[in-house]
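Dear colleague,

Please find the structure below, handed over for your use. My findings follow it.

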Amino acid sequence: MIMYVDKDGQTITRRKVTSLSDQDQFFQVKVASDNGVYLIGKSLTNVLVAKAEFVGNKFIVNWSKTISFPGLDLEDISAVIDEYDEMYIVGTYHETSGNVRNKIAVLKIDSSAAVKFYKSYTFPG
């Protein structure tokens, strides 16, 4: 659910954003320089990103995409948008066959969720 409120906390509009999966969870909202609203979350073991905009008194969802990394289960996902409206998504992970979280992943996507790069780093210990 995403909700837009005024300066006094009164609800202007709200909208449920989901797919056919009951596993979708959005837990972070970012606003780009064009006032596009990005929702970041998880759907099972995939990263979930959606872009919406506020038009009049309605939220319009432009797109929703899942980005998968076979064998990985990202957790502690966080995102930031840079001055070029490119988004960096960071998360810790373990390979689905193990349970040690000594790795982080950095994913860079553009404003249409096209993956620009993906890098992972392993820390000893």
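The lining of the largest cavity consists of 10 nonpolar residues, one polar residue and no charged ones (Ala, Val, Leu, Ile, Met, Phe, Trp, Tyr, Cys and Pro count as nonpolar, Asp, Glu, Lys and Arg as charged, and the others, Gly among them, as polar). The model is predicted: local features need pLDDT of at least 70 and side-chain atom pairs pLDDT 80 or more, while totals for chains, interfaces and linings use all residues. Residues are numbered from 1 along each chain as its sequence is written, and side-chain values use heavy atoms, without hydrogens and water.

Among the lining residues are V47, F69, G91 and Y118. A cavity here is a set of points on a 1 Å grid over the protein atoms alone where a 1.4 Å probe fits but cannot get out, and lining residues have an atom within 4 Å of a point. At least two lining residues come from each of β7 (72–81), β8 (87–95) and β9 (103–109).

Overall, the protein has zero helices and 10 strands (DSSP runs of H or I with at least four residues, and of E with at least two, numbered from the N terminus). Of its 125 residues, 38% are buried, meaning under 20% relative accessible area with a 1.4 Å probe, protein chains only.

Two lysines sit over rings (NZ within 6 Å of the ring centre and within 35 degrees of the ring normal): K65 over W63 at 5.5 Å, and K119 over F117 at 5.9 Å.

Conventions
1 Å grid on protein atoms, 1.4 Å probe; cavity = no way out; pocket = protein on both sides within 12 Å on 5 of 7 lines; lining within 4 Å. Buried < 20%, exposed > 50% of the residue type's maximum accessible area, 1.4 Å probe, protein only.
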